[in-house]
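The following note sets out points for a colleague who is examining the model. Please read it beside the sequence and the coordinates.

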Amino acid sequence: MNDQDIRIFITMARRYFEALEPDPSLVIEPPFLREELGPLLEYTGIISVSGRSKGAVCFTANGAMLEQILALLHDERRGDAAKRDLVGEIANTLSGNAREEFGSDFLISVPSVMVGPRRSADFHSGERNYAIPLNWRSETAYLLIGLD
Amino acid sequence: MKFLIVDDSSVVRLAIERDLETGQIAEIDQAADGVEAVRLYEEKKHDVITLDITMPRMDGLTCLDNLLNINPEAKILIISALRDRPTALLALKRGASGFLCKPINPDELREAIELLLND
């Protein structure tokens, strides 16, 4: 992963929030490197990546942000199952959209979901782990990129 | 008109169902993977199907082949997060009627369905 690759993920995240609402109050802070993938918030959608790159792409958010996204999608559910489903779908959308730039050899798995403050060591990540803070409506989520 | 929505995400299935709420559609079924989709389609022969690609048990492209084996005239709109051109071309070559990328734009979805129905 290089800076250009990380910019691709930033573009995909911005595009996702712009699809939710026309003028999103999204502030994307500069990415930072961590020894292991994180931070992990209440809900984490995990996509395993193989092919062109190996590792994982995750979207992690607290329930409060996910509830606001469900509301924008006119989904009346606010329970755990809907939030798990949504966080996995966001991870899937962001990583699948990245194939526009990375190509069809950027192979992604179906999403798996972790709930609660687990360690990222529970799943495979890459050698360099980036966290991209996404500030939206007073909440912060992270797009986590751990790819070789 | 009978409609089948195939996606492993219930959030996406409900969003598509809501976006399609028109008087034209008499019945909407949902399936969470390709296996369930094929079973439902064999039973009901829906007029239009929206189909995700990345799903457990049976992926969307395999499901596409199975649905077209049952009915080569099936109208199937792929709705996938996989935004690369080769995947879209592959799906169309294998018989999909259209391809939309997630995140779903409701106007684009309705327009694509209209095109399918008028085809």
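1. Arg15(A) is partly exposed, its relative accessible area being 26%; here buried denotes under 20% relative accessible area, exposed over 50%, and partly exposed the range in between (1.4 Å probe, protein chains only). Its side chain meets that of Glu100(A) in a salt bridge, at 2.9 Å from N to O. A salt bridge is a side-chain nitrogen of Lys or Arg within 4 Å of a carboxyl oxygen of Asp or Glu. Because Glu100(A) lies in helix α4 (residues 99–102) and Arg15(A) in helix α1 (residues 3–20) of chain A, the pair ties together parts 85 residues apart in sequence. Glu100(A) is also partly exposed, at 36% relative accessibility. Helices (H or I, at least four residues) and strands (E, at least two) are DSSP runs numbered from the N terminus.

2. This is a predicted model, in which local features need pLDDT of at least 70 and side-chain atom pairs count only at pLDDT 80 or more, whereas totals for chains, interfaces and linings use all residues. Residues are numbered from 1 along each chain as its sequence is written, chains are lettered from A and ligands numbered from 1 in the order in which they are written, and side-chain values use heavy atoms, with hydrogens and water left out.

3. A second salt bridge in chain A joins Arg137(A) and Glu21(A) (3.0 Å, N to O). Arg137(A) sits in the loop between β7 (128–136) and β8 (139–147), and Glu21(A) in the loop between α1 and β1 (26–28), 116 residues apart. Arg137(A) is partly exposed at 31%, while Glu21(A) is buried at 13%.

4. In chain B, Lys44(B) forms a salt bridge with Glu27(B), with the closest N and O atoms 2.7 Å apart. Lys44(B) belongs to helix α2 (residues 34–44) and Glu27(B) to strand β2 (residues 27–31), so the pair ties together parts 17 residues apart in sequence.

5. At the interface, 19 residues of chain B are in contact (heavy atoms within 4.5 Å) with 24 residues of chain A. The buried area is about 1700 Å², with 58% given by carbon and sulfur atoms; such area is the accessible area (1.4 Å probe) that two parts lose on being put together, summed over both. Val11(B), Arg83(B) and Pro103(B) supply 33% of what chain B buries against chain A, more than any other three residues.

6. The rule finds 2 salt bridges across this interface. Arg99(A) forms a salt bridge with Asp84(B), the closest N and O atoms being 2.9 Å apart.
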